Each structure stands twice: as structure tokens, then as C-alpha cells.
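Let's walk through this structure together, starting with how some of its charged side chains pair up. Have the model open beside you as you read.

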Amino acid sequence: MPYSPLDLAEAFIKTGELTDALDALNEHLAQSPDDLTARQTRAAVHLRLDHLQDALDDLAGLNSPDDRLTRSTIYERMGDLTSALQAVETDTSHDRLIERRLHLMQKLGQISKARQLVESLPRTWRWSQWSGDLAAADQDFAVAVSHYAAALSTLPPIDTHALRGIAARLLLARGDAYLALEQWDAADADYAAAAVYIPDEPMIPFNRGIIRYHQGEEEAGLAQCEAAIQAAPEIMRQAMRATMPQRRSN
């Protein structure tokens, strides 16, 4: 029994042969132009091939949450953040769309509006984390600390790899907020706690070196920062050096 074009498309997608998958989907949709699922699949293939306008054309008239999320992603890749936001901003019932909306509002500099939106949401760890991130982006560091604390307090028992990663991320973020507030002991405690979950994260020893520097251990702190920079991936080193304290003149 011969395979249908749709069968071939699914097989080609699984093996990563996207151009062949696109040809098969084109053949199928020429025969069945009202197959909305096939249009969604072709839009996803176009997106993976970076055929952005073709992907948008396939999504025209489709309005499921996944369609809106994909449409928003396409607009962002086109550099049209306003249209990317418009694609998701009317939905308040799907977490992924709300998070996408918050992400785009932050990129557009709409921090105050994003903070108002997230404060209207239930105080789960996810939305408390977003509240903390947006407060930190607004340089409202004391409020950020309180939101990160709330997020940590509402996490489920930390007994999976994913939850350990979330806890580490929250501890690092709260540590950064404490660092900005020059609350050195509190920052150091959070970095130390995060290191239990992610011992290879180079920013932890780097930031703890900054804390040592500010607590009077100048040479030891600078040496710790330099060692952390050398151990970090090359892509991180320039940014780390830009924030490294300078040796004080005697």
C-alpha cells in the first residue's frame, strides 16, 4: 500500500528532512486545502526552514493558543515586537501565552504594564518569579527580594532535576538582588545555597568574589573573580570582566 503525501511528510519531519516534508505537505494541501492540521504542520516546517512569511500565511485565520504562540514567535523573529505582542495580548487563560506576553512587554520596555499584569495573577511560584524579575528590571530590588522569597516558599518539594534548577535560578536571582542592595551576607548565603544545586555555575564564585572584595578581602576577592572568569565559557568572559571590581589605589 503506497504512503500518502501526509504519511511521507510525517516521516520526513521525524528524520529532519524538512524540504522533502514541505514538498509532501504542499502536495497534500493541494488535494485537501481545508486540512487545518496540515496547514499548522506546514507552518511549523516553514518556521524551522526560516520561511517566516510563508509560515504566517499558513496560520492566517487560525486562532488556537498554539497558533497564536507560533504567530507571535514568527513576528519576533521578523523583528516586529509590537505585532508579536498583539498576537498574544488578548489571552489571559493560558500560562504560556501570558508568559510570552510578559516576555515581549519586557523587551519593549513596558515594565510598569507588565508588573501590573503579573500582580493580577495568582501567587504561584511562577508568577512570583516573574514579579521578581520585573521588579529587578525596574531596579526595585527590595521588592524583587520579597517576590523571589515568595516564589521559593511556594515551590513544591525540591525532589526532581527540574525543580532543583528552578530553585537554583530563584536563589541566584535573589542573590543578585541582595548584591544590588549591598546586603553582602544575604547575597552570599543565596549564592552558597544555589551552588548546592548547580556547583558548576561560574557566576556563583565570581559573585562571591565580588562580595569578598566589598567585605574587605580585596586581593582574595579579585583573585576569586579572576579564577571564575578563567573557568567560565569564553562567551561569558567579556561581560564578567566588565563587572569585575577594580583594584583600589593605595
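A salt bridge here is a side-chain nitrogen of Lys or Arg within 4 Å of a carboxyl oxygen of Asp or Glu. Keep in mind that you are looking at a predicted model. In it, the side chains of D138 and R115 meet in a salt bridge, at 2.9 Å from N to O. This pair links distant parts of the chain, with D138 in the loop between α9 and α10 and R115 in helix α8, 23 residues apart. D138 is partly exposed, at a relative accessible area of 36%, while R115 has 18% relative accessibility and counts as buried.

Now step back to the whole model, which holds 15 salt bridges. One of them joins D50 and R77, with the closest N and O atoms 2.7 Å apart. D50 lies in the loop between α3 and α4 and R77 in helix α5, so the pair ties together parts that are 27 residues apart in sequence. Another forms between E76 and R100, at 2.6 Å between the closest N and O atoms. Here helix α5 supplies E76 and helix α7 supplies R100, 24 residues apart. Both E76 and R100 are buried.

Key
Residues are numbered from 1 along each chain as its sequence is written. This is a predicted model: local features need pLDDT of at least 70, side-chain atom pairs count only at pLDDT 80 or more; totals for chains, interfaces and linings use all residues. Side-chain values use heavy atoms; hydrogens and water are left out. Helices (H or I, at least four residues) and strands (E, at least two) are DSSP runs, numbered from the N terminus. Buried means under 20% relative accessible area, exposed over 50%, partly exposed in between (1.4 Å probe, protein chains only).
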